[in-house]
Amino acid sequence: MLSRLLNNRNWLGLMFMLPTAILLLVFLTYPLGLGVWLGFTDAKIGREGAWVGLENYIYLSGDSVARLALFNTIFYTAVASIFKFALGLWLALLLNKNLPFKSFFRSVVLLPWIVPTALSALAFWWIYDAQFSIISWVLVKWGVIDTYIDFLGDPWLARFSTVFANIWRGIPFVAITLLAGLQTISPALYEAASIDGVTPWQQFRYVTLPLLTPIIAVVMTFSVLFTFTDFQLIYVLTRGGPLNATHLMTTLSFQRAIPGGSLGEGAALAIMMVPFLLAAIMFSYFGLQRRAWQQGGDK
């Protein structure tokens, strides 16, 4: 019987997938289920919580700090994702050309992505420092400003500063992934378009962009997921300040649950992010459906 099972492709596939399934069950499914349960309780650190139903969610929907964190998260994700896509696509198109030392530049582009997030955040913390900022120093030397800029002390300056740091870190991922997609487009298509007298912009609009759409869908999905759930960069750089201006859903959830001790409230904040993450996944799904249509599928 064991021999027959080992020769059965379906059973053999299940056996190979079983270790991964167990790991996912232990380290993903269980914490997610526990978080959902805690979101419906008034659990505190050190004591079990009682069932309170939707009380946490009702309270958070009226909490001004939670609403501000939701606005910050959407603003942070939208602005950073748009700029990462635009700059990443431009960089991918540039690296796809026959440039000297092309391999070297492709490797260098990855540096912001592979550097640990905490280390990048510390570097930006020095760049934005109110007393030692290199940006303020240069602007003062050039006579553009008279006093140093407090990048992380003003709410809107802090928002844009954290967005810029996230863009700097995220561009390499978008650029390299889109570059891989560009490599799959046949040069014959561009040659045929050139023979027909198509301009470079028309080549991009009618050849590159449609064929790159499935890759763009996947890249933007991961970009939105990574940005929406960002924690390290904000926590190291600003801890949510000033005046909660840079608090994201993730950082506020951590603050309420661990330092604040309200596990139920923190879990509810984390669960409230799920609908937005599902929307990003659906974006990727419809992008893949377009790919099936391009390859001659039914959809």
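Let me start with a term: on a 1 Å grid over the protein atoms alone, a pocket is an open set of points with protein on both sides within 12 Å along at least five of seven lines, and lining residues have an atom within 4 Å of a point. Rolling a probe the size of a water molecule over the atoms shows where empty space is left.

Before we look, a word on what this is. It is a predicted model, where local features need pLDDT of at least 70 and side-chain atom pairs count only at pLDDT 80 or more, while totals for chains, interfaces and linings use all residues. Residues are numbered from 1 along each chain as its sequence is written, and side-chain values use heavy atoms, with hydrogens and water left out.

So, the pocket. The largest pocket has a volume of about 430 Å³, a volume being the space filled by probe spheres set on grid points that are joined across faces, edges and corners. Its lining has 14 residues, and those nearest the centre are Leu93, Asn96, Lys97, Tyr190 and Thr208. Two or more lining residues come from each of H5, H9, helix H10 (187–195) and H11; helices here are DSSP runs (H or I, at least four residues), numbered from the N terminus. Which element gives the largest share of this lining? That is H11, with four residues. By class, we have seven nonpolar, four polar and three charged residues. For those classes, Ala, Val, Leu, Ile, Met, Phe, Trp, Tyr, Cys and Pro count as nonpolar, Asp, Glu, Lys and Arg as charged, and the others, Gly among them, as polar.

H4 and helix H9 (155–183) each give two or more residues to the lining, with H4 holding the largest share, three residues. The class count is five nonpolar, three polar and one charged.

On to the salt bridges, meaning a side-chain nitrogen of Lys or Arg within 4 Å of a carboxyl oxygen of Asp or Glu. The structure holds three of them. Arg256 pairs with Asp63, with 2.7 Å between the closest N and O atoms. This pair links distant parts of the chain, 193 residues apart: Arg256 sits in helix H13 (residues 249–257), and Asp63 in the loop between helix H3 (55–61) and H4. Arg256 also bridges to Glu265, at 2.3 Å. Are Arg256 and Glu265 buried or exposed? Both are buried, and buried means under 20% relative accessible area, exposed over 50%, partly exposed in between (1.4 Å probe, protein chains only). Shared partners join Asp63, Arg256 and Glu265 into one network. The remaining bridge to show you is Asp42 with Arg47, at 4.0 Å, N to O. Here Asp42 is partly exposed at 28% relative accessibility, and Arg47 is partly exposed at 41%.

Last stop, the surface. A nonpolar patch there includes Phe101, Phe104, Trp113 and Phe226. Patch members have over 30% relative accessible area and no salt bridge; like charges are joined within 9 Å, and nonpolar side chains (Val, Leu, Ile, Met, Phe, Trp, Tyr) within 5 Å. Phe101 lies in the loop between helix H4 (64–95) and H5, and Phe101 is exposed, at 66% relative accessible area.

Key: Areas by Shrake-Rupley, 256 points an atom, 1.4 Å probe, with all protein chains shown as cover. 1 Å grid on protein atoms, 1.4 Å probe; cavity = no way out; pocket = protein on both sides within 12 Å on 5 of 7 lines; lining within 4 Å.
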